[in-house]
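Thanks for coming. I have one model to go through, and I will keep it short.

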Amino acid sequence: MVKCNKCTKDIAPTKDGSSTCVSCQAQFHNSCVSECVTRGSQKSWKCVKCCSEQTDTIVKPTIDYERVIEIIVEAIAALKEDMENQWDVNNKKLDSIQEEMSNMNKDITCLKTKMDEIVEKATSTETRVQQLADENCKLHQELAIAKREIHDLQIQTRKNNIVVSGIPIQSKGTNVFPIIIKIAELLKLTYYQTDINAAHWLPIRGGEPRSQSIVVSFMSRLVKNEWLLARRNKRFLKAREINNDFPDNQIYLNEQLTKDTSVLFKMARSMIKENKMASVWTNDGRVMAKRTQTSRPFRVNCLKDLVERTPPATASEEDAAPIQADGALLRPTATNANSTASLVK
């Protein structure tokens, strides 16, 4: 009788039945095998041992370990060679970068040295510029003081002078004293040669002048003021009265002013036309003005004085006095102020 290949018991006809492995032809109780064998699967059923041998044959193929090791070694060698090449390239790049950085450090050091020199020079230059600025400021102040002193000196040297204008142009070398004597006669003044320090023609400026001026320097301001007062009292003084050959134009007598004072006086007179000033005149070579007929006279030293408010009533009498003649003070009025202004061309 056939025995079960697992439990070694006789395989008798039972209700469970038996199964035969198609590979090794071994028989088993159906109850001894793990899987449930049906009639349909008995024709292809295999025991556990045959199934295991077939699985080992499929899952565990034959492997050439030497070849695998050889391939791995070759891959490692190729990787090593590639890494060495890449390392050489990186080393060259690193050397180049280090060289560039070294050159940059040299350049930076050089620039820093030059920058320090520039900063030092700039500091020195700034100090020198400041010194020059201080010196320049000091020189400006000294120059302003010198100009003011020169201007005051020019005014002082002209205090006894008058300018006679409106005389026709005479030939070079013409004597001025006959004209001065005639003017004194017309002004009803007693002429004393000792009253005059000097007299001369003023040089003719450019353009086409129609007249020439005479500067008369008197020995005292008192005599000068007498001449100015006499001219003011005589309404008209014609050149033809001096010489019949002269044209019939007005002769003016004015104080001799400096160039700066003349410009200032002209600007002050223009303000009368604009109704910004009531009267303007000169006194001892300086410009005097009144903003209104009732305001106190003030001395005009610069253009700023013309645009500012009238000085307070504490102004000195010396500044307020227009012209002193025969010991009398002539106060400017609407009439004599215009007359005084008309004495200047």
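Why does T282 count as buried? T282 counts as buried because its relative accessibility is 10%, where buried means under 20% relative accessible area, exposed over 50% and partly exposed in between, with a 1.4 Å probe and protein chains only.

Before going on, the ground rules. This is a predicted model, so local features need pLDDT of at least 70 and side-chain atom pairs count only at pLDDT 80 or more, while totals for chains, interfaces and linings use all residues. Residues are numbered from 1 along each chain as its sequence is written, and side-chain values use heavy atoms, with hydrogens and water left out.

T282 sits in strand β7; strands (E, at least two residues) and helices (H or I, at least four) are DSSP runs numbered from the N terminus. The T282 side chain makes a polar contact with the side chain of E255 at 2.8 Å. A polar contact here is a pair of N or O atoms within 3.5 Å, one able to donate a hydrogen and the other to accept it within protein, and residues adjacent in sequence count only if both atoms are side-chain atoms.

Now the sheet. It is open and antiparallel, with three strands in the order β7-β8-β9; pairing requires at least two DSSP bridges between two strands. β7 (279-283) and β9 (298-300) are the edge strands, each pairing on one side only. Between β7 and β8 (residues 286-290) there are five bridges, and S279 has K290 of β8 as its bridge partner.

Last, burial elsewhere: F218 and W227 are both buried.
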